[in-house]
Amino acid sequence: MDSRLQLRVQRYGWDRAASVYDRAWADPLQPAQELLLEAAELQEGERVLETACGSGLVTVDIARAVGSSGEVLATDLSDGMLERARTATVELELDPVRFERMDAGALDLPDDTFDAALCSLGLMYVPDFGAAIREFARVVRPGGRVAAVVWGERRRCGWADLFPIVDARVKTEVCPLFFQLGTGDTLEALMREAGLQQVESRRIRTTLDFPTEERALEAAFAGGPVAMAYGRFEPAVQTEVHQEYLASIEAFRAGEGYRIPGEFVAVRGKVAA
Ligand SMILES: C[S@@+](CC[C@H](N)C(=O)[O-])C[C@H]1O[C@@H](n2cnc3c(N)ncnc32)[C@H](O)[C@@H]1O
């Protein structure tokens with residue numbers, strides 16, 4: 001898929017996720033987000049860039065960590081997600097946060113501006129991962145940190161058949177390289193190639209709990225990477241992909257819902273001092 005098309009698919013696919021994202025994903029993603037925050041070691045008063053901030057689930061924690069003497073710039077491609085994030089921080093009166101719509105792969109920001117750059121579960125969607133990591137390193141001051149968390153190995157993510165099920169019915173693959181970053185040491189290697197030092201990683205296995213079939217389907221299809229393709233399917237095809245997806249996660253059925261295995265990897269590197 002060409003990169004401009006990929007950016008449009010992500011932008012408008014995630015706009016569709018804005019109203020359902022927290023309900024579907026806040027709990028399942030929490031372990032990954034905590035792993036990222038631990039890796040980032042944020043301090044009060046720091047200036048932090050967050051890319052692909054989504055609905056603000058991590059933004060809120062970043063803002064609390066840096067406090068009112070700090071500064072947070074939270075960015076995302078999707079206006080719908082940014083609006084959710086803005087509302088969350090306003091409701092909690094977290095004042096160090098500013099929001100801007102921006103592609104994580106092309107930051108419209110000066111060099112050496114932040115103490116840390118964080119990206120939670122966003123890098124997999126950026127057309128050129130390496131370019132994005134170089135951008136994160138460019139805008140962080142010498143000695144500052146770049147930290148990202150991504151999904152882990154495909155075979156450890158029980159929901160992974162979602163992509164081939166949707167791809168079988170569309171012309172171009174919706175997220176061709178999704179699991180590449182979480183495979184082996186790909187993300188660590190890209191951080192080193194971007195000039196980052198003292199690169200460290202932690203990998204965790206988790207369980208994604210969806211209390212009902214409806215919630216599992218909503219999490220998979222309603223918004224995000226496959227949402228644009230799914231939204232164009234006829235109702236009969238939507239029913240067909242639901243059935244195929246539920247069959248693919250049948251092994252993880254637990255009562256009315258599902259407990260699906262997942263894996264995440266968080267990597268942190270430092271900009272040379
Ligand atoms: C799975 S959500 C993660 C949101 C949030 N960081 C979290 O941990 O809950 C992925 C986010 O990446 C954003 N995204 C996708 N491609 C992007 C890009 N090229 N630049 C910036 N954000 C992007 C989407 O709009 C979406 O909000």
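Student: Which residue stands opposite A254 in β8?

Tutor: A254 faces G257. Before going on, please note that this is a predicted model, in which local features need pLDDT of at least 70, side-chain atom pairs count only at pLDDT 80 or more, and totals for chains, interfaces and linings use all residues. Residues are numbered from 1 along each chain as its sequence is written. Helices (H or I, at least four residues) and strands (E, at least two) are DSSP runs, numbered from the N terminus. Two strands pair if DSSP finds at least two bridges between them. Strand β7 (residues 253-254) and β8 are joined by 2 bridges and run antiparallel. Their hairpin has 2 residues between the strands, and G255 takes a positive phi near 65° there.

Student: Over how many bridges does β8 pair with strand β6?

Tutor: Strand β6 (residues 197-210) pairs with β8 over 12 bridges, in the antiparallel sense. Within this pairing, L208 has I260 of β8 as its bridge partner. β5 also runs antiparallel to β8, with 7 bridges joining them. There, V150 is partnered by V265 of β8.

Student: In which sense do β4 and β5 pair, parallel or antiparallel?

Tutor: The pairing of β4 with β5 is parallel, over 6 bridges, and S120 has V149 of β5 as its bridge partner. β1 and β4 likewise run parallel, joined by 4 bridges, with L49 partnered by A117 of β4.

Student: How many residues of β8 are buried?

Tutor: The general idea is a count: a residue is buried if 20 or more other C-beta atoms lie within 10 Å of its own, exposed if 12 or fewer, and partly exposed in between, with C-beta atoms placed from the backbone. By this count, 11 of the 14 residues of strand β8 (residues 257-270) are buried. In β4, 7 of its 7 residues are buried.

Student: E263 is found in strand β8. Why is E263 classed as buried?

Tutor: E263 is buried because 20 other C-beta atoms lie within 10 Å. For neighbours we use contacts: two residues are in contact if their C-beta atoms, placed from the backbone, lie within 7 Å. Leaving out residues up to four places away in sequence, E263 touches W151, G152, E153, R156, C157, G182, R203 and R205.

Student: Which residues have the most contacts inside the largest nonpolar core?

Tutor: A nonpolar core is a set of buried Ala, Val, Leu, Ile, Met, Phe, Trp, Tyr and Cys residues joined through C-beta atoms within 7 Å. The largest one here has 95 residues, and L36, L118, V146, V149 and V150 have the most contacts inside it. α2 gives the most to this core, with 10 residues. Beyond four places in sequence, the contacts of V146 include I133, F136, A137 and M191.

Student: Which residues of α7 are buried?

Tutor: They are L187, L190 and M191. An α-helix has 3.6 residues a turn, so residues three or four places apart point the same way. The arc is taken from the directions from the helix axis to the C-beta atoms. Seen down the axis of α7, its buried residues fall within an arc of 100°, so they line one face of the helix. These buried residues pack against α5, β5, β6 and β8. Just after α7, G195 takes a positive phi of about 90°.

Student: Which residue has a positive phi of about 50° although it is not a glycine?

Tutor: That residue is A52, which lies in the loop between β1 and α3 (59-66). A52 is buried, since 27 other C-beta atoms lie within 10 Å. E93 has a positive phi too, near 55°, and is likewise a residue other than glycine. E93 is found in the loop between α4 (79-91) and β3 (97-101), and E93 is exposed, with 8 other C-beta atoms within 10 Å.

Student: How many residues surround the ligand?

Tutor: A residue is near a molecule if its C-beta atom, placed from the backbone, lies within 6 Å of it. The ligand is surrounded by 23 residues, of which the closest are W14, A52, G54, A104 and S120. The elements giving two or more residues to this shell are α1 (3-17) and α2 (21-40). The largest share, 3 residues, comes from α1.
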